[in-house]
Amino acid sequence: MMKLVHSLTFRLTLLYSIYFCSLIVVSLYFFHYFHVVSPTDNIKNQLHREAAELSVVYERGGIVAASRALEARRHKEAERYPFDALIDARGAVVTSNLPSWPARSSQDWLRIEADLHLDGQEEDREALILDHRLGDGARLLIGRNIEDLDDLEEQVGQAAASFLPIAATLAIAGGALISWSVGRRIEALDSAARRIMGSTLSDRIPLAGKNDDLDRLAATLNAMLRRLEVAADALRRTSDSVAHELRTPLARLQSHLEDMAASESPSPGSIARALNEVERLAAMFDTVLTVTQLESGSGAITLREVDMSQILADAADLYAGIAEERNLRFDLRIDAGLHARGSAGLLFRSACNLLDNAMKYTPGGGAVSLEARAAGRDILILLSDTGPGIPAELHDLVLQRFYRAPAAAAMPGLGMGLAFVAAVNGIHNGSLAFASGKGLRVEWRIPLIEPGSG
């Protein structure tokens, strides 16, 4: 029971029940006011006017004139049946159509049972009576039938007395049922989450198949688990890859340092080789850190309008000399005015990584081409080479950290270039695709923006 009371759904349902019952009370109040109180007030005002008129008749014509006026009032067609009684100063009844009335009254308004007997049938009547004193001590009782208003008032009271407890009971019972139903679903979610905490991220929260809010919550949690699983797998692969990649350069660095320690005068070559390994390790850590920050979104990266045409042209200028040294034909077709929203530094490094791979794996005498143009809402960047290409089944793998295709195993490198490009592409909402035939064709798309749009 305590668990039910502390349930959020039960408390919300209880609050709604209070609101619902309050709404019923307010509705009954306004119904009572407009259909009982207001009509009754109108009748009272009418009786006050009639009493004032009869008082004037009484003062001018005496008790006989007042009696005739009451007789005329009884026969006058009206919405509500008239009642009256005229008693002189000595207490004698002059005229009346009321069955009874209090001998004395301290109140101006009376409610009198005034049942009528017509053709042997009794008709229930409730009379609202104004008890009015005339100038010489005579008593004037004047009223109208309010049986319908009395019945309606009684019905409103009965409705409030009977319906409100029923509504409150049903609301509380419904709240308990809803709380139990929702609570059972929430407990299932909680149990599944705790089970996953104690096992692996590969487990998922089962869906009830109702496509309701809790199912959508479970689906969102499952999507979060999938992302966490992917992130954990990536972290595990990165840790394994870093450990594997560090083993060789650390061993070489240790060997160089041992040679230097064993020698009385280390040669410049030994020192250079040791520094080269240190630089290689520093570059590896820098690249891994950058890729990790890009993938997790933890780095502070400002995206602004950049001229992609100029960025690609600068990268091409940097590698034009390498192409000439390696006897490679380097073709450029870069349209002007291609603007994107991004980080100029990261986009430049990505372009350099792609060009570096193309130049590195294309044999002497081959060709590399770089093309950039607008394609719908994107900037389409095409980089082609005449190297060995990448088998289709490895296209996804080469985007992973430290992965190197078998054909590239003998070439120098860390296996982080394409992983860096993929991470940069992710924060720029771009796409990256490979096609292998006579060499490798890289298709890189980045959203195009109008110059000056930010």
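1. Ile172, at 41% relative accessibility, counts as partly exposed, because that class lies between buried (under 20% relative accessible area) and exposed (over 50%), with a 1.4 Å probe and protein chains only. Ile172 is placed in helix H3 (residues 147-197); helices (H or I, at least four residues) and strands (E, at least two) are DSSP runs numbered from the N terminus.

2. The model is a predicted one, in which local features need pLDDT of at least 70 and side-chain atom pairs count only at pLDDT 80 or more, while totals for chains, interfaces and linings use all residues. Residues are numbered from 1 along each chain as its sequence is written, and side-chain values use heavy atoms, with hydrogens and water left out.

3. Ile172 also belongs to a nonpolar surface patch with Leu12, Leu14, Leu15 and Ile18, and together these residues have about 460 Å² of accessible area. Helix H2 (residues 8-75) gives the most to this patch, with 4 residues. Patches take residues with over 30% relative accessible area and no salt bridge, nonpolar side chains (Val, Leu, Ile, Met, Phe, Trp, Tyr) being joined within 5 Å and like charges within 9 Å. Areas follow the Shrake-Rupley method with a 1.4 Å probe, and for residues only the protein chains shown count as cover.

4. The largest nonpolar core has 38 residues, of which Met308, Phe330, Leu347, Ile381, Leu383 and Trp444 touch the most other members. The largest share of this core, 8 residues, comes from H7. Such a core is a set of buried Ala, Val, Leu, Ile, Met, Phe, Trp, Tyr and Cys residues joined through side-chain atoms within 4.5 Å. Beyond its neighbours within four places in sequence, Trp444 is in contact (heavy atoms within 4.5 Å) with residues including Met308, Leu347, Ile381 and Asn425. Apart from this core lies another, of 16 residues, among them Ile43, Leu86, Leu134 and Ile146.

5. Asn97 is located in the loop between strand E2 (93-96) and strand E3 (109-113), and at 17% relative accessibility Asn97 counts as buried. A polar atom of the Asn97 side chain lies 3.0 Å from the backbone oxygen of Pro82, and the side chain of Asn97 reaches the backbone nitrogen of Asp84 at 2.8 Å. Not counting residues up to four places away in sequence, Asn97 touches Arg74, Tyr81, Pro82, Phe83 and Asp84.

6. The count of salt bridges comes to 14, each being a side-chain nitrogen of Lys or Arg within 4 Å of a carboxyl oxygen of Asp or Glu. In one of them, Arg80 and Asp148 have their closest N and O atoms 2.7 Å apart. Arg80 lies in the loop between H2 and strand E1 (82-87) and Asp148 in helix H3, so the pair ties together parts that are 68 residues apart in sequence. Arg80 is buried, at 17% relative accessible area, whereas Asp148 is partly exposed at 41%.

7. Arg333 forms a salt bridge with Glu371, with the closest N and O atoms 3.5 Å apart. This pair links distant parts of the chain, Arg333 in strand E9 and Glu371 in strand E11, 38 residues apart. Arg333 is partly exposed at 46% relative accessibility, and Glu371 is buried at 18%. Elsewhere, Glu50, Arg73 and Arg144 are linked in a network of salt bridges.

8. Asn327 has a phi near 60°, a positive value in a residue other than glycine; Asn327 is in the loop between H6 and strand E9 (329-334).

Definitions and conventions:
Polar contact = N/O pair within 3.5 Å; in protein donor to acceptor, adjacent residues only side chain to side chain.
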